Amino acid sequence: MNESDQNPTAPRPASSRATEGDPAVVPAFAPPHAGRRRLRYAVVGTGHRAGMYVAALTGDHADVGEIVAWCDTNPGRMDWYDAQAGEALGLGGPAGLPQYGAQDVERMVDEQRVDVVVVTTPDVAHAGVVARALDAGADVVVEKPLTTTVEGCRTVVRAVARTGRDVVMTFNYRYAPRNSSLRDVIASGRIGRVTSVHFEWALDTVHGADYFRRWHRDKASSGGLLVHKSSHHFDLVNWWLHDVPSRVYASGGLRFYGDANAAARGMGPRPERGTGTTGDPWSLDLTHDPRLQGLYLDTEHHDGYRRDQDVFAPGITIEDNMSVVVDYRGGATLTYSLNAHAPWEGYRVTVNGTEGRAELEVVERGAVILDADGRAVLDPSATPEGVAAQAARPEGERLLVQRHWEAAREWRIPRGVGGHGGGDAILLMDVFRRDLRLAADPLGRAAGYRDGLRAVAVGIAANRSMVTGQPVLVDDLGLGDLAPAVDTEPAAVPATPPAGTATTADPTTPDPTTPDPTTPDPTTPVTTGAAR
Ligand SMILES: NC(=O)c1ccc[n+]([C@@H]2O[C@H](COP(=O)([O-])OP(=O)(O)OC[C@H]3O[C@@H](n4cnc5c(N)ncnc54)[C@H](O)[C@@H]3O)[C@@H](O)[C@H]2O)c1
């Protein structure tokens, strides 16, 4: 399985293709000791995202964990992964793992002696599955967002309190080295106390459109993009600032996708689904990707799940343009916007501080261009036309730091490994081998359920604000204690370069004599904490 191919419509920046990471962001682990029992994992929700975990547990991390059961509402998708797992493990056929329906989480944990349940269902089901897995006696690894509603937050909080078990949130964006670097800059004190953050995220007409083809388009299933997608971004800001959101005001609407907008722009009749269409850049043909065909088209008869609905069809209840203002307890303000129909994909973050300013700019796909058949080219940088189209907006990333009275300097961004900006592979090491870590993470990247709560708190409050037209106090949502957990407190990070040399060191050529806080040499693994 191709780990970097988690989302067929997402950009594939060159930075994702690195195979050798930089020790500044790739942690070191002790080998598992002889006789160590492999943990028993079950995957609940065997759709596209499950692939990353299945590939890890049948590949790089098969020495520390094994998949022992599948759980899904669709037997066809479980069969598909069973075949993939069998192949990856070299079994010469399907793995033959037991399959369970959505109602059988508890029975599965019991019968298969499951240690950890990986939750990759659609967002609306997360909280219920998490609580049931915890109650059944398993720990949990859950995809973002933690949940979509206030009630979902309370369900998780109560289940953790009841069981004392561990919930790992897989916020992979934290592990993208460019995002870690911005945390590094802020924690170093180099730009002083943060007073405000401006954060703009542009989803293009390939990746952004994909949220309007299936369950994400239904607010009740995904919480809308401010929960589903922006929980990544709000988590980043919470983590960069090590702060807690306190008040949220939001405005937004469906202004591009959907039947009413198509009609207003004079678009003619549309195909009901993308598969089988030609020459339509808005359509996704599932037969063009064997993985999409196997997981969705070939299994559609089981549950009627259509992965390729038209983005201009009726029934879309989420927004495609969103603006949010978030006040933080510590006094900073975030201004945030998300657009889901941009001609390029990437993001810009500006962090203003009392001593200066940091600016992160990322271009993940510089242009969406069409091939001769009118289909969007997913990786324009792989074609000469794409390279030409990207001339003015090349794919890449740049972090600038500028202190008062000084020129701007470019901050060196270390190389990660794997997909999602080089973060997914590092995340997986932390998920599956964290008891073998040789040193605590000075970046504090590992996330738990409280981080998940703080992230969705912003989206849930924003959804409420868009309905009422009023700002929403996060405390009024009644989500319980949102204070940063002690074990996610950032260490006093001697940044790269260290703060003491801030005015003289060249961040592009770090001083080799400076001890790297993220490259440990002790031989004893550290405990990174549970149930964060
Ligand atoms: N971190 C990231 O970058 C990232 C990327 C993609 C997806 N995700 C997250 O992963 C999750 C899954 O996304 P996806 O694109 O794979 O969705 P998907 O619809 O392709 O897959 C979800 C699977 O869950 C099954 N399912 C539905 N309800 C269930 C239930 N109650 N119990 C068991 N199985 C159930 C479906 O049949 C399907 O097989 C989402 O929460 C999404 O936010 C995260």
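# Helices, sheet and loops of a predicted model

Biologist: How many helices and strands does the protein chain have?

Modeller: Of the 532 residues in the protein chain, 50% are buried. Among contacts between residues at least 6 apart in sequence, 78% join residues at least 24 apart. The count of elements is 17 helices and 16 strands.

Biologist: At what angle does α2 run to β2?

Modeller: Axes are lines fitted to C-alpha atoms, for helices over the stretch in contact, and angles run from 0 to 180 degrees between N-to-C directions. Six of the seven residues of β2 are buried, so β2 is largely enclosed by the rest of the structure. Helix α2 lies across β2 and β3, and its angle to β2 is about 160 degrees.

Biologist: Which strands stand at the edges of the open sheet of seven strands?

Modeller: The sheet has the order β3-β2-β1-β4-β5-β6-β15, with mixed pairing; two strands pair if DSSP finds at least two bridges between them. A strand with a single partner has one side left without a neighbour in the sheet, and this applies to β3 and β15 (447-448).

Biologist: In β4, which residue is the bridge partner of V43?

Modeller: Strand β1 (residues 39-44) is joined to β2 by six bridges, and the two run parallel. A42 is bridged to A69 of β2. Four bridges join β1 to β4 (residues 116-119), also in parallel, and there the partner of V43 is V118.

Biologist: Which residue in β12 is the bridge partner of T350?

Modeller: Strand β11 (residues 345-353) runs antiparallel to β7 (residues 194-204), with eight bridges between them, and V194 stands opposite G353. Eight bridges also join β11 to β12 (residues 356-365), again antiparallel. A hairpin of two residues connects β11 to β12, and across that pair T350 is bridged to E359.

Biologist: Are α4 and α5 roughly parallel or roughly antiparallel?

Modeller: The axes of α4 (residues 126-136) and α5 (residues 150-163) come within 9 Å and cross at roughly 10 degrees. Angles under 35 degrees count as roughly parallel, over 145 as roughly antiparallel, 65 to 115 as roughly perpendicular and the rest as oblique. Therefore α4 and α5 are roughly parallel.

Biologist: How many residues of α6 are buried?

Modeller: Helix α6 (residues 177-187) is mostly covered, and its buried residues include R178, D184 and R183. Just after α6, G189 has a positive phi of about 80 degrees. The number of buried residues in α6 is eleven of eleven.

Biologist: Is R113 buried or exposed?

Modeller: R113 lies in the loop between α3 (105-111) and β4. Its phi is positive, about 45 degrees, although R113 is not a glycine. Because 11 other C-beta atoms lie within 10 Å, R113 is exposed.

Biologist: What is the phi of W405?

Modeller: W405 sits in the loop between β13 (396-403) and β14 (409-410), and it counts as exposed because it has 8 C-beta neighbours inside 10 Å. W405 is a residue other than glycine, yet its phi is positive, near 70 degrees.

Biologist: How far apart in space are G279 and R375, C-alpha to C-alpha?

Modeller: G279 belongs to the loop between α11 (259-264) and α12. Leaving out residues up to four places away in sequence, G279 touches D373 and G374. G279 and R375 are 96 residues apart in sequence, and their C-alpha distance is 6.3 Å.

Methods. Residues numbered from 1 in each chain as written. Predicted model: local features only at pLDDT ≥ 70, side-chain atom pairs only at ≥ 80, totals over all residues. Buried ≥ 20, exposed ≤ 12 C-beta atoms within 10 Å, placed from the backbone. Contact = placed C-beta atoms within 7 Å.
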